Amino acid sequence: MRSCRLLMAIVAVCLIAILVPGIVGAATWQVDPGGAGDFTTIQAAIDNAAAGDLITVAPGHYVEQLTITTDNLTISGAGRTLTFVDSPAQLTNYFIVGSYYFPVVLVENCVGVGFADLTLDGLGRGDTNPLFQGFGYFNAGGWLDNVAITGVRGATLNAMPHGNGIFVVATDLVSRTFDLTDVQVTDFQKSGVVLDGTNLGGTLLRATVTGAGTTGTIAQNGFQVSRDAAFTLTDCVASGLMYTGGIWTATGFLGTGGTNIDLTGCQADGCQTGVYMEDNTATFANGAVVNALGDGIVSASTGAKALTDRLVPQPVTIVAAKAGTDKAAAGLAVTNSVITGTDGPDTWGVSAVAAGPVSLTMDNCTVTRFERGFVIMEDGGAITGQARGCSFIDNLALAGWSNSVLDYDALGNWWGHLTGPYHAVKNPAGLGFEITDHILFDPWAILGPGIVAAVPGPDPVRCGVPRPVTVTYYPDPAGAPTRGYEITFRVVGPATVAAADVVDAGGLGSVGSHQFYAADNGDGTVTVSDALLGPTPGLTATVDVFTVDVQTTGDGPVTFEFVSYKLRDLDNAPLYAPVLGTMFNVDCVAPAPVTALTASPAHNRVDVTWSHDDVDVDHYEVFRGLWHDGTVGQSAYPEYDDVAPATPAVRPATWAVAMADPEWELAGTTAVGTHVFADTWPDATSRGVYSYEVFAVDPVFNGNAAPANDRATNYWLGDVAGTPGDNSPNGVVDVFDISALGTHFGDSVPLHDPINVLDVGPTDDHSRLGVPGTDNVINFEDLIIFSMNFGVVAAAKDRAPVSATVDLAWIDNQDGTMTLRLVGGSGLKGLRVQSGRAVKAVTGGALLAEQAAPAFFRNVGEGLDANLAVLGVNAGFSGEGDLLVVALDGPLPATELTITARGLDNSRLEVNLDKASSNALPQAFGLRANYPNPFNPATTITYALPEAQRVELAVYGLDGRRVVTLVAGRQAAGVHDVVWHGRDSGERPVAAGTYFYRIHAGPYHEVRKMILVK
């Protein structure tokens, strides 16, 4: 079609050159921004072109507003992904219809202007251009072929009612045409396509409009045809148009104001209202409204009043509509179409709303999953018409509702059962879906013999699961008996059938001997034939004649339809009967996977949590997989990575794999809205590491796993002993557990030794709640985990804040001992101090006894291998003081120490030994950086004197004013510490900010900077 359109344009150029006086020959102009063509801008080519000329545009981005007033110009790009017309920041040209309209492309007062093979991009520049448009045809005709329009909106989507992708308006009553072929409109603000004006007409073929989806910002419309325009739309699609503001309804296809619209093969997908026709005549044939979030199809006549009982669309208004008394009667014919909702409350499938006269006809349609299948609502106007051969099933409240003065004719439709629709008075025995008064109906059975396909069981069905369809023969009680039948059928949608899928249901076999065949026809159809043999009374009862296992292959609706049939009586004379196919849905799409999946340990329990939006979820399934010892079901506790071939459970790729994999066990399920699960055990005999997967499962058991799973122990690390007399773990890490640790501290652990329960560190994430990575020795790594869980444990995987470094001093006491002193840093949980030097003794320092929580201290072996930690969750060393004292022969330099420091969360801390000191006199003067810095409320200033001197140490502000004098007097040689508490000489707190401290010591002086924060 695109190549034909372009060929037609070239032919038109030639014809115009021949037929139009004054044109001696049509020209082709080339536009290339690189200078290889006739022009570097499109507008320059337009300005120089004559009627009938062809302008070809090379690939590139052309930032310009185009204005055309010349007839029969064709502007052809190199392709939608190659040639772009981009909106300038400020548009200058406009047309006027009551207001100033600024299109990126303005075609005005001419005909036959066409664009092909390019993209118009508004770049979201509607904020600086009032009444912003994409293509604007004003009192002009033409065409677009293989063109994309995008970005015609504000910088972000907003409530200003402009930003139309294509905007065609005629006000001068001159007859004009405008055609679209293979046009795509996305990312617009108000409407995708607007066609407005008397004597304006044309065709739209394969045009698509994609809205912003669900939004409360603006009520969008896909295609609008208004004010007496007449258009035919074929195979057009509108999608993603949903307004949550509650005043208007967004629409896929909107006709208003005396228009004539024919829609064939068109689809509205995910729109608030699929089709809305107001005060006009329209047809909707061979189309579909799917996933309607509000009403499906509406035909309305406003008469002399505005309709206020329902949400109405907000069209783009160019010229004031006609007075209400002048409005034409509304008429809508819906044929061979499927209209499907989303089970929303207060939604109508197909409706007629009449303040003025309305005609509504429905023929061979399926209307399902609305609150009301069809609605006939008279509000001052009369409604006429009928429904024939339609299926009104699976609507939440009513198949049909009417208040019409003359009963609406709904004879010969399918209500879900042969007995007809339920009506409390007129048909109380009806087993079909319910209708109200003011509707003419009849049970299906009185129409004579029938062949009906039905789908038992729930809908939808899971992808890949065969769906049985039962074909039933209903005889005419007053008609002739049946000898045989031939029925040809097919399926449309994501499914297949073959003769092998057909099974004789034994219908004719219940009467006598018969011959049954099923054959593939090679075109996707299957023919089933069956006939009674010999003399027979014939079939006179309702029977199932055959079933078909429809093989589902993908996601979406599947229609089982009859292509043809033959029914014969005992004398081989034809019998006539209505046939009714059926449909069902296939759901292959699992809900979105859960997120933020976390497994946390507890006593004989694992707590699993996750997040999800609960959309399309029937329930959640929690699967557990055990880290086993090589035999599925046998825990590798407590060895785990030391036991060959022990392995964690391998993640299942899908829900189906988890169901079938013996490594994975369904731990339990939770209802929609419940995103927590407690997996419990009766005692400690099932200890282990358990991995968890959570699947969001929809009603047909499609399930999605989380992008990542989690694992946890079902016990507290360090809970290895109970109270005296009962040695079973008791759910708390206490002194009995610490005693067991101390008894074996420093021991190597052979495989399968009972004390392996003490080997819990390091964990995989260094947290107290992680998975133990056993290292076969009871040492500092285990001490830290025991100490972090000491006293009371909580399931939260917390990480307390800690300093990045810890400051230590290694002090020679000049008496054969050396002391490790904690000088500064917060959040220190534990230390391990090692050296290869032999020592006489290692004892805990005074700071251990000063802690509020118990402290553990143990030196392993004959050398220096001191391990110490404060016990308790989030408990660490507080204050400053001696951590340990070492007795040894001769000084031990700090460079021979290996110190491992851990924070409250078991993270490794840097050790700062800059403050290391001894009783030996310093060799040089030095003023060291205060610590901490920045500080609040106090900081320590350290300086070294190689000899006795008079010292003055003072603090100054930024303005040079002295704040306080800290030292003033003679001091001995050595290292000295002074603490400033952020107060001035009057002991008043000073303001936060930058300060300087300055020292004078004999010939020495130095200044440093520090910062006080509040």
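**Reading cysteines and burial**

Author: A disulfide here is a pair of cysteine sulfur atoms within 2.5 Å. Keep in mind that this is a predicted model, where local features need pLDDT of at least 70, side-chain atom pairs count only at pLDDT 80 or more, and totals for chains, interfaces and linings use all residues. Residues are numbered from 1 along each chain as its sequence is written, and side-chain values use heavy atoms, with hydrogens and water left out.

Reader: How many disulfides does a search of the whole structure find?

Author: A disulfide is a covalent bond between the sulfur atoms of two cysteines. The search finds one, joining Cys-463 to Cys-588 with an S to S distance of 2.3 Å. The link of Cys-463 and Cys-588 is right-handed, with 75° about the S-S bond. Cys-463 sits in the loop between β43 (461–462) and β44 (467–474), and Cys-588 in the loop between β54 (582–587) and β55 (595–602), so the pair ties together parts 125 residues apart in sequence. Strands are DSSP runs (E, at least two residues), numbered from the N terminus.

Reader: Is Cys-271 buried or exposed?

Author: Buried means under 20% relative accessible area, exposed over 50%, and partly exposed in between (1.4 Å probe, protein chains only). Cys-271 is buried at 1%, and Cys-110 is buried at 3%. Cys-463 is partly exposed at 27%, as is Cys-588 at 25%.

Technical notes:
Helix = DSSP H or I, 4+ residues; strand = E, 2+ residues; numbered from the N terminus.
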